[in-house]
Structure formats: C-alpha cells, structure tokens
Amino acid sequence: MTGNKAQPRKTLMLFTGRAHPELAAEVAEQLGIEISPTTSYEFADGQLFVRFQESVRGCDAFLIQSHTRPINTWLMEQLLMVDALKRASAKRITVVSPYYPYARQDKKHRGREPISARLVADLYKAAGADRLMSVDLHTAQIQGFFDGPVDHLFALPLLADYLKGRLDLSTVTVVSPDSGRVRVAERWTDRLCTPLAIIHKRRDPNVPNEVRMFEVVGDVQGRTCIIVDDMITTGSTITKAADALYANGAADVIAAATHGVLAGEAVDLLKNARISEVVVTNTLPIPPDAQIDKLTVLSIAPLLARAIREVFEDGSVTSLFDGNA
Ligand code: R5P
C-alpha cells in the first residue's frame with residue numbers, strides 16, 4: 001500500500017442563528033452558497049434547542065450570529081450551535097459575531113465588576129470555537145481575550161467611501177466624539193485627507209448612560225463635521241456631540257458608526273437631533289420603525305463574505321485592509 005490517499009476536499013458551510021437571518025442570507029449570496037439548514041426553537045421553560053439538518057462532519061464551519069436584543073438568548077443559541085458543530089465533528093469552527101457581545105465591559109471600571117467581554121471569549125472557546133471574526137471591536141484588546149485567531153474587520157472603508165462620494169471633502173472635518181475614538185478618527189482623516197477635531201467628554205460613573213460634554217478641540221467653524229463612532233446605542237453621545245459642534249460654529253453634522261444598536265429612545269433622539277444624516281452598517285438588524293429618512297444602512301455582508309472566503313482558502317484577511325484602514 002502506498003500512502004498516496006487523495007486529500008478530502010474542504011467544504012465551507014455557513015450557519016446562522018435566528019437573530020439576523022437577512023445578514024446571513026446576504027453573506028451566503030455573496031459567497032454563492034446556501035445557508036445550512038438548522039432547526040432551532042425554544043422550549044416552554046425558555047431553554048433553547050438546536051440541531052443541524054445535514055451532516056457537518058469535516059466541514060469548515062462559519063457560524064453567524066448578530067447580538068441584538070434579546071442578546072442573552074442569541075448568545076446562548078450561538079454557543080449551543082458551536083457545541084453541536086463540535087460534537088458533530090466539524091473540522092474547524094469560526095464564530096462570526098459582527099457586533100461582539102458584551103464588548104463594552106472589557107475591564108473592571110470599579111471593584112467587584114466582571115470582565116464580561118473576556119467571559120464571552122472564554123464561553124466561545126469552551127463551546128468549541130477555533131476562530132473568531134468580528135467587526136470594529138469596542139476596544140482592540142478584546143482580540144487578546146480569545147485564545148485563538150481573531151479576524152478583526154473594519155467598516156471604515158465602507159463608511160468612509162460612501163461619504164466620500166457625497167461630500168466636498170475640502171469642507172469636511174472628522175470628529176472623534178471622545179478620547180477613546182481618536183485613533184479611529186485619525187484613520188478616517190488619513191483616508192479622507194481632512195482635519196481632525198476631538199470632543200472631550202466625560203461620563204458620570206454614578207449615572208448610567210449619562211454623558212457630559214466638554215469642549216471641542218479643533219476648528220469646526222463653517223465645516224461639515226463627520227462624527228465617527230463604533231456604535232450608536234442611546235444616541236446620547238452623538239447628539240450631544242452635534243450640539244457641541246453647532247455651538248462651535250459647525251455648518252452641518254453627519255454621524256457615521258459601525259453598529260446601529262439604537263436602544264431605547266435612540267431613534268426619536270436622532271430624528272429630532274440636528275444631524276443631517278446618520279450612517280451605520282447592518283451588523284445588527286435595523287427594525288422597520290427605526291428606518292427613518294436620515295438613517296442610511298450600508299451592508300457589511302460583502303466584507304464578511306470576503307473575509308470568510310480568505311479564511312477558508314488560507315488567504316489573507318489583512319490584505320482586505322492593506323492601506324485601507
Ligand atoms: C463609547 O465609548 C462608545 O464608543 C460610544 O460612543 C457609545 O457607546 C455610544 O453610546 P450612546 O449612543 O449610548 O451614547
């Protein structure tokens with residue numbers, strides 16, 4: 001007997017949880033494959049059940065889940081699906097979480113708090129995930145929480161190119177709404193060749209979601225200001241940033257963020273805010289009542305599909321962003 005046994009062909013299989021099937025469907029279309037069918041439901045007592053309807057043995061599995069509300073249900077569903085893939089002998093499991101759950105608690109801000117983002121990474125690993133793919137992590141250090149390769153994708157080229165095609169860049173100033181976003185805002189200014197302004201903001205630790213605005217650092221007089229952020233949750237940060245910019249003479253304010261969380265009264269706040277356009281991606285589903293005129297939603301699916309293709313073919317995810325982010 002010679003050892004020249006033919007290598008089995010690698011198979012890419014795409015799975016999705018129930019949180020945002022439209023996004024998964026777009027990714028599948030971009031990849032030119034079907035989503036592998038899954039049975040998922042909730043028992044009367046609230047426990048979840050999942051089962052794949054076809055063999056996953058030996059496959060390169062990519063499992064998309066969007067962590068929108070109810071986030072704990074969708075996280076648990078994704079963990080159960082990872083566990084089922086592992087126990088059904090998938091060869092490699094990549095968790096695709098475009099909006100990383102619990103990313104905001106990436107450190108102990110005060111004593112006696114959890115580091116929730118780390119716990120989520122540990123849960124993915126314990127369930128059986130080999131790799132993790134996400135878009136614009138709240139902080140880059142979350143990459144180090146997961147014990148395995150992390151493909152950290154950036155929506156900046158998508159968002160920036162959309163706005164580039166619509167604005168006279170000679171009148172634009174990119175604005176970081178707080179000190180934590182300055183590095184990202186600098187990448188925007190590099191790409192758009194515009195000046196940068198920074199808003200010095202401080203939260204009151206005793207009042208959740210309360211943001212106090214401070215001064216605008218940089219010249220925004222008569223400028224079209226693009227506030228860039230990773231997420232819009234309550235909308236408080238960008239609306240207060242917009243007020244501060246107008247108070248300093250801005251001519252127009254646009255907001256661009258990767259994740260449209262849009263919780264609570266966010267949509268009403270945005271509707272009434274002096275912000276002419278809000279641009280987000282569809283890492284999270286945008287419910288119909290949130291689809292107001294000034295909201296533009298760009299699809300992140302082509303980027304996810306390209307990254308999945310690169311991972312599957314042992315190509316380069318970094319090359320997707322060379323000189324681009
Ligand atoms: C803050 O660290 C984040 O980057 C965002 O600015 C913040 O999470 C947005 O939240 P909200 O819309 O509730 O102000």
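Predicted model: local features only at pLDDT ≥ 70, side-chain atom pairs only at ≥ 80, totals over all residues.

**Stop 1: the ligand**

Which residues are closest? Fifteen is the count to look for, written as 15 residues surrounding the ligand, and the closest are Asp229, Asp230, Thr234, Gly235 and Thr237.

Start with Asp230: an N or O atom in its side chain is 2.6 Å from an oxygen atom of the ligand. Switch to Arg104, where a side-chain N or O atom sits 2.8 Å from a ligand oxygen.

**Stop 2: two spots in the backbone**

Select Arg69 and Pro70 together. The peptide bond joining them is cis, with omega at about -5°. To place Pro70 in the fold, look at the loop between strand E4 (60-64) and helix H2 (71-87).

What is the phi of Ser89? Near 70°, a positive value in a residue other than glycine.

**Stop 3: H2 against H3**

Show side chains for the contact: on H2, pick Leu75, Gln78, Leu79, Val82, Asp83 and Lys86, and on H3, Val120, Leu123, Tyr124, Ala126 and Ala127. Color them by class and you get eight nonpolar, one polar and two charged residues.

**Stop 4: H1 against H8**

Hide those and bring up helix H1 (residues 21-31) with helix H8 (residues 301-312). They pack at about 55°, with axes 8 Å apart. H1 and H8 are therefore oblique to each other, and their crossing is right-handed. From H1, select Leu23, Glu26, Val27, Gln30 and Leu31; they meet Ala301, Pro302, Leu304, Ala305, Ile308 and Arg309 in H8. Sorted by class, the residues of this contact come out as eight nonpolar, one polar and two charged.

**Stop 5: H4 against H5**

Last pair: helix H4 (residues 156-164) and helix H5 (residues 182-192). Here the axes are 11 Å apart and the packing angle is about 45°. That angle makes H4 and H5 oblique to each other, and H4 passes H5 in a right-handed crossing. H4 brings Leu156, Pro157, Leu159, Ala160, Asp161, Leu163 and Lys164 to the contact, while H5 brings Val184, Arg187, Trp188, Arg191 and Leu192. How many residues of the contact of H4 with H5 are charged? Four, alongside eight nonpolar and no polar ones.

How values were computed. Residues numbered from 1 in each chain as written. Heavy atoms only, no water. Axes fitted to C-alpha atoms, helices over the stretch in contact; angles between N-to-C directions. Helix = DSSP H or I, 4+ residues; strand = E, 2+ residues; numbered from the N terminus. Parallel < 35°, antiparallel > 145°, perpendicular 65-115°, else oblique. Left-handed = near helix turned anticlockwise from the far one by under 90°. Contact = heavy atoms within 4.5 Å. Nonpolar A, V, L, I, M, F, W, Y, C, P; charged D, E, K, R; others polar. Near = heavy atom within 4 Å. Polar contact = N/O pair within 3.5 Å; in protein donor to acceptor, adjacent residues only side chain to side chain.
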